[in-house]
Amino acid sequence: SVATTSLAVTLSTCFDAIMGESGAEKKFGDLMENTNQFVAQLKTQVKESRHTVNVFKGNAKELKDLLQEYRQTYQNEVPKIVELRKSLEEQKKKMETDLTMLQRTRE
């Protein structure tokens with residue numbers, strides 16, 4: 001009868017709509033899962049990036065400390081080296097003078 005046919009069409013339409021919704025729900029669920037995986041990857045990358053930045057900062061601080069130590073050593077040692085060089089030059093001149101005097105004395 002017409003009522004039965006109409007009911008069957010209505011049920012079929014409702015069934016299609018429900019299946020369509022569940023298909024959309026599945027797509028939405030897949031999308032949410034992919035989004036959650038992507039967010040988890042981003043969080044991991046951010047953690048790794050932060051770790052890398054911290055390592056870099058540590059290395060930069062270590063380098064800065066080494067440069068500071070080098071500067072300090074350089075500032076402390078250069079005057080000593082200059083004084084030592086002057087002293088050696090003076091000793092050399094004195095020895096040359098002494099040698100010259102010795103040679104003259106022999107002559």
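In the predicted model, Lys-80 forms a salt bridge with Glu-77, and their closest N and O atoms are 3.5 Å apart. A salt bridge here is a side-chain nitrogen of Lys or Arg within 4 Å of a carboxyl oxygen of Asp or Glu. Both Lys-80 and Glu-77 lie in helix H1, three residues apart, about one turn of the helix. Lys-80 counts as exposed because its relative accessibility is 53%. Glu-77 is partly exposed, with a relative accessible area of 34%. The cut-offs are under 20% relative accessible area for buried, over 50% for exposed, and partly exposed in between (1.4 Å probe, protein chains only).

Because the model is predicted, local features need pLDDT of at least 70 and side-chain atom pairs count only at pLDDT 80 or more, while totals for chains, interfaces and linings use all residues. Residues are numbered from 1 along each chain as its sequence is written, and side-chain values use heavy atoms, with hydrogens and water left out.

The structure holds four salt bridges. One of them joins the side chains of Lys-61 and Asp-65, at 3.0 Å from N to O. These two residues of helix H1 are four residues apart, about one turn of the helix. Asp-65 is partly exposed, at 39% relative accessible area. Another salt bridge links Lys-86 with Glu-83, and here the closest N and O atoms are 4.0 Å apart. Lys-86 counts as partly exposed, at 44% relative accessibility.

The secondary structure comes to one helix and zero strands. Helices (H or I, at least four residues) and strands (E, at least two) are DSSP runs, numbered from the N terminus. Of the 107 residues, 0% count as buried.

A search of the whole structure finds one aromatic pair. The ring centres of Tyr-70 and Tyr-74 are 6.1 Å apart and the planes meet at 25°, so the pair is stacked. Rings of Phe, Tyr and Trp (its six-membered ring) pair if their centres lie within 6.5 Å; planes under 30 degrees apart count as stacked, over 60 as edge-to-face and the rest as tilted. Tyr-70 is exposed, with a relative accessible area of 55%.

Phe-28, Leu-31 and Met-32 make a nonpolar surface patch of about 300 Å². Patches are made of residues with over 30% relative accessible area and no salt bridge; like charges are joined within 9 Å, and nonpolar side chains (Val, Leu, Ile, Met, Phe, Trp, Tyr) within 5 Å. Met-32 lies in helix H1 (residues 2-106).

Key. Areas by Shrake-Rupley, 256 points an atom, 1.4 Å probe, with all protein chains shown as cover.
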